[in-house]
There are 2 protein chains.
Amino acid sequence: MTRYDWYLECSACGTRGDPEGLPTVCPSCGQPWLVRYPDRPLSLTDRAEIHRGHGMWRFRRFLPLMDGEEPVTLGEGDTPLLRLDRAAPTLGYDALWLKDEGTNPTGSFKARGLAMAVTRAVLGGAESFVVPTAGNAGVALAAYAARAGRSARIYAPATTPRTILNQIRWFGGDLELLDGHIGDCGRRALEFAQETGAFPMATLREPYRIEGKKTLGLEIARQMWWKLPDAVVYPAGGGTGLIGMWLAFQELLELGWVQGRMPRLYAVQSAGCAPVVEAVARNADHCEPWPEPRTVASGLRVPAPLGGPLMLRGIRDSGGGAVAVSDEELSRRAIEISRLEGLDLSPEGGASLAAAARLLEAGAIKPSEHVVVFNTGAGWLYRD
Amino acid sequence: MTRYDWYLECSACGTRGDPEGLPTVCPSCGQPWLVRYPDRPLSLTDRAEIHRGHGMWRFRRFLPLMDGEEPVTLGEGDTPLLRLDRAAPTLGYDALWLKDEGTNPTGSFKARGLAMAVTRAVLGGAESFVVPTAGNAGVALAAYAARAGRSARIYAPATTPRTILNQIRWFGGDLELLDGHIGDCGRRALEFAQETGAFPMATLREPYRIEGKKTLGLEIARQMWWKLPDAVVYPAGGGTGLIGMWLAFQELLELGWVQGRMPRLYAVQSAGCAPVVEAVARNADHCEPWPEPRTVASGLRVPAPLGGPLMLRGIRDSGGGAVAVSDEELSRRAIEISRLEGLDLSPEGGASLAAAARLLEAGAIKPSEHVVVFNTGAGWLYRD
């Protein structure tokens, strides 16, 4: 019998797995695990406990952590949910909320997933880590590995913004640059894992980064006083944030902590790398690899996301959609809205705001709806 | 009769002032105002309200804000208080806590003071702002002014780290570089204020930045489950953080929300600019201007802090002290402890950790005491 109060379930074939040790992906079909908590007793009375807590670990009862286990943490979470009263009319909205993930430790939303995954991997016995990255996940892994006293090998495209690479080195990450995109880095990372025994931390190659990302959705619910927004407009590369929010909103609705319906989830991509947008347009259940991925929003340069099928399910189930914006448009919006609101938007944040305007024009969202857009990382990471 | 439930009291001569409009300093003696709240009803039952809140505004009942007034906010506060289990033994401590202010919006503790001061100045009718800065206050003012739809003129030494200057420009700050230190910038800023009517936001030249900084102390108390640490080791340039914590701890002790005694407050400075350390050594009640201020920790390059007398009172009243560390030592500690713990320490953060080790060697602090050190800003702001 397992000593955990959760189990793993394959997102594709339904195979059930044991959390013991260092699980990666489903051994039957190679697809990502999801975590299920059938026996967690959560009730309305636990909200006071949540309010008393700090950071994303205030939601530890929603996360794969047993009583007495301590997380590897740098204080991630509790990021601002800001009303954009000056940007909203510019973009055509009555009101608009931005979840600003740039104030996480290491400057991006990646902190949540890697805090959770490093925590479980260290408890499972991992001695070293490896990750392929479009940039921000590498910064986060380098920092959380250091915090845990472990080493981290990081493979990044040579085109990754220089400030991001400097931050990876600052935290002591063992950085290797490759010609190519994150898919190429992913292949090299798996080889390194096989050669050295380093535990692979790539998106959805282990079950727990996505659990950390659930806290995005849980936090939004708390910050909106336990009411969910009508729609979320999210810049999706690997897509764990979108999938994590989908899972979090499901859990909250099932628990009865929130009422109403699942927020519509909209994936935003760059026109230079839009496999999810293309799959949504085809009404497909998986993404086709994007041939020549090119965008300044390096976090969106993910041509063949392993989480494609899960993202597409989340988008379809929620009644959402997907939209591509040009690099010119997302860059322009990042500068415009940053100056208007005092924000440090990344290109991905600019993409989310540009898409919010587009979705309004297309009639997919109404100006009076409650909409949350995302700045997934801080803009300074992209500036040389 | 004033419509506010607080009044101003001169920190030097005791003159009482009205908060109406845009107060600056005491008209009788030119020294800083302190804010007093004799009529605020706070009781133990308000803690639940505080736990339900977000960011530093969870403490709004400790701040100069009336019911119905809305703050100008970017989500500042709720920064991590991290146990440094790997750094503590390296520095000789049984345990050690770091308050990491680098995860604030705009990357430093300056966000707290400027969120509060911009809020009150906008409510008081200010149309534009001016500030002299060693760096981080300029970034924060640029962002909060933008958030409020106001312009900000910022005077900074030409030697300010380039990344900091780029951030000021990103937020639309109207940046002027001067040869000289922050004192020279301060003189130019006052001229600009007189010429244009821009409201001067320099440290302690208005009463409210220090009130925002009180939330440092309030947050530490909450994060330590309403127990105060034995000592705080704080890198002090202008010193509002130290003064703010001193005021906050006083309020909490008077309210009975915490028991025991005031934490000993230690000011940390660079050997290249140590007017407070020198004044403590002389047992003086004010600082002498430091002739040629020089340090890589640009936030500590404040040769004649207006808050000198208040800092010295806080240090003396609390039974604390002051310590100078060399630039070599603070830089070395910043790199060493960042890699050990996955932190992005600024030079000022390195100074705080270096000083914690020195205070232990000198016998001022015992290894078993509960000590909080400070990273006042993120390290990336200092890297080109």
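## The nonpolar core

The largest nonpolar core here has 162 residues, and A:Met201, B:Phe129 and B:Met201 have the most contacts inside it. A nonpolar core is a set of buried Ala, Val, Leu, Ile, Met, Phe, Trp, Tyr and Cys residues joined through side-chain atoms within 4.5 Å; buried means under 20% relative accessible area, exposed over 50%, and partly exposed in between, with a 1.4 Å probe and protein chains only. This is a predicted model, in which local features need pLDDT of at least 70 and side-chain atom pairs count only at pLDDT 80 or more, while totals for chains, interfaces and linings use all residues. Residues are numbered from 1 along each chain as its sequence is written, chains are lettered from A and ligands numbered from 1 in the order in which they are written, and side-chain values use heavy atoms, without hydrogens and water.

Take B:Phe129 as a way in: setting aside residues up to four places away in sequence, the residues it touches include B:Val118, B:Leu141, B:Phe199 and B:Met201. Contact means heavy atoms within 4.5 Å.

## Aromatic pairs and charges over rings

Over all chains, the whole structure holds 19 aromatic pairs. Rings of Phe, Tyr and Trp (its six-membered ring) pair if their centres lie within 6.5 Å, with planes under 30 degrees apart counted as stacked, over 60 as edge-to-face and the rest as tilted. The pair of A:Tyr155 and A:Phe192 is edge-to-face, because the ring centres are 6.1 Å apart and the planes stand at 70°. A:Tyr155 belongs to strand β7 (residues 151–157) of chain A and A:Phe192 to helix α6 (residues 182–196) of chain A, so this pair ties together parts 37 residues apart in sequence. Helices (H or I, at least four residues) and strands (E, at least two) are DSSP runs, numbered from the N terminus. Both A:Tyr155 and A:Phe192 are buried.

A:Trp226 and A:Trp257 also make an edge-to-face pair, 5.3 Å centre to centre with 90° between the planes. A:Trp226 is in the loop between α7 (209–223) and β10 (231–235) of chain A, and A:Trp257 in the loop between α8 (240–255) and β11 (264–270) of chain A, so parts 31 residues apart in sequence are tied together. The charged end of A:Arg47 sits over the ring of A:Trp257, 5.4 Å from its centre; for this, NZ of Lys or CZ of Arg must be within 6 Å of the ring centre and within 35 degrees of the ring normal.

## Between the chains

Chain A and chain B bury about 3,500 Å² between them, 54% of it on carbon and sulfur atoms. Buried area is the accessible area (1.4 Å probe) that two parts lose on being put together, summed over both. In chain A, A:His54, A:Arg147 and A:Trp170 lose the most area to chain B, together 20% of what that side buries. B:Arg383 lies over the face of A:Trp170, at 3.7 Å from the ring centre.

## Two buried lysines

Helix α7 (residues 209–223) of chain B holds B:Lys214, which counts as buried at 1% relative accessibility. Its side chain makes a polar contact with that of B:Glu211 at 2.8 Å. A polar contact is a pair of N or O atoms within 3.5 Å; within protein, one must be able to donate a hydrogen and the other to accept it, and residues adjacent in sequence count only if both atoms are side-chain atoms.

B:Lys213 is also found in helix α7 of chain B, and is buried with a relative accessible area of 2%.
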